[in-house]
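Please view the sequence and the structure alongside the text.

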Amino acid sequence: MPASALDHASLISRYLTSATRLFLLDWDGTLTPIVRDPAVAVPTPAVLQVLRRLSANAKNDVWVISGRDSAFLGEHFASVPSVGLSAEHGAFVRRPGGADWEDMSGSADRAWKNHVMMIFEEFTARTPGSVIELKNVSITWHYRNAEPRIGDLNSKDCRSRLEADLSASLEVMGGKMCLEVRPRSVNKGVIVQRILSDYTNSREQAVIPDLILCIGDDVTDEDMFHAAHDSNRSAKQTFTVSVGPASKETTASWYLDDPADVIDLLEKLEPDAIESQVEL
């Protein structure tokens, strides 16, 4: 169902009264606009600054959970080591303050990739402007730069072909002008569950962060929203936010219009901004 416009006052109030806060932030379409060439969608100094300031607060755990690969995230977020990174929808993780990437995909079978590559190559030849992105545990076919009518038509044919050919252990995901094939065991919901499982009290009992702010724009982020809402968390603790029009179908409770609104929101949660709001 459609989400409601984000209640900034309620979020800020919860932020101020929370001792533990978890930020789960998508990258493309959330912290940065969708662009025709994904290679140029790199963090601006303003984005890095807001992430640096939020993650410097000992009460905050800040994660960027992206479909991008670990090479891209590791290079472009190197200046904010206090931010946790999740690559390829949770397949690889670099924890806050850590230097090494952990492979969370386990023993996921990757023998399927040759067959998927063959199908994607066929549709790339039929769709001028489209390209294939080969990742460690997934493959994505981008048709953002193709002629729209041809791209839409061929993407439907390609998806039908993939779903008919592939085993039940694999998932075909339709994103913004792209198709991705990945193991069902790898998704943003699984990594969010793992991040939440790290929260324990002094007796090693599972606890829930006082505030969870989860923001994303794409169908792949719906897994994050589901995971954030699970485990009987209070609605007052969890703010799931979809980026895009109010009419978009989503399981998120709230929405923001675009990435600029996301950055504006995060800036309002920085120490200086919070103090000025409290004084008012």
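**Helices and sheets of the predicted model**

Helix α5 lies across β8 (139–142), β9 and β10 and runs at about 170 degrees to β9. The model is predicted: local features need pLDDT of at least 70, side-chain atom pairs count only at pLDDT 80 or more, and totals for chains, interfaces and linings use all residues. Residues are numbered from 1 along each chain as its sequence is written, and side-chain values use heavy atoms, with hydrogens and water left out.

Helices (H or I, at least four residues) and strands (E, at least two) are DSSP runs, numbered from the N terminus. Contact means heavy atoms within 4.5 Å. Axes are lines fitted to C-alpha atoms, for helices over the stretch in contact, and angles run from 0 to 180 degrees between N-to-C directions.

**The four-stranded sheet**

- Four strands form an open sheet in the order β7-β8-β10-β9, with antiparallel pairing; two strands pair if DSSP finds at least two bridges between them.
- At the edges are β7 (131–134) and β9, each of which pairs on one side only.
- On average, neighbouring strands of this sheet are turned by 15 degrees against each other, direction ignored.
- Strand β9 (residues 170–175) pairs with strand β10 (residues 178–183) in the antiparallel sense over six bridges.
- Within this pairing, L170 has P183 of β10 as its bridge partner, and G174 has L179 of β10.
- The hairpin of β9 and β10 has two residues between the strands, and M177 takes a positive phi near 60 degrees there.

**The nine-stranded sheet**

- Nine strands form an open sheet with mixed pairing, in the order β1-β13-β12-β11-β2-β3-β4-β5-β6.
- β1 (4–5) and β6 (102–103) stand at the edges with a single partner strand each, so one side of each has no neighbour in the sheet.
- β2 and strand β11 (residues 211–216) pair in the parallel sense over five bridges, and R21 stands opposite L211 in β11.
- Helix α1 (residues 8–16) packs on the sheet and touches β2, β3 (60–65), β11, β12 (238–243) and β13 (254–256); its direction makes about 135 degrees with that of β11.
- Helix α6 lies across β2, β3, β4, β5 (92–94) and β11, running at about 160 degrees to β3.

**Helix pairs**

- Helix α4 (residues 113–126) and helix α5 (residues 148–165) pack at an angle of about 160 degrees, with their axes 10 Å apart.
- α4 and α5 are therefore roughly antiparallel to each other (angles under 35 degrees count as roughly parallel, over 145 as roughly antiparallel, 65 to 115 as roughly perpendicular and the rest as oblique).
- In this contact, H115, V116, I119, F120, E122, F123 and R126 of α4 meet I150, N154, D157, C158, R161, L162 and D165 of α5.
- The axes of helix α6 (residues 188–197) and helix α7 (residues 222–229) come within 7 Å and cross at roughly 35 degrees.
- K188, G189, V192, Q193 and L196 of α6 make the contact with D223, M224, A227 and A228 of α7.

**Aromatic pairs**

- The count comes to six aromatic pairs, where rings of Phe, Tyr and Trp (its six-membered ring) pair if their centres lie within 6.5 Å, and planes under 30 degrees apart count as stacked, over 60 as edge-to-face and the rest as tilted.
- The rings of W27 and F77 have centres 5.3 Å apart and planes at 85 degrees, so this pair is edge-to-face.
- This pair links distant parts of the chain, 50 residues apart: W27 is in the loop between β2 (21–25) and α2 (45–56), and F77 is in the loop between α3 (70–76) and β4 (84–87).
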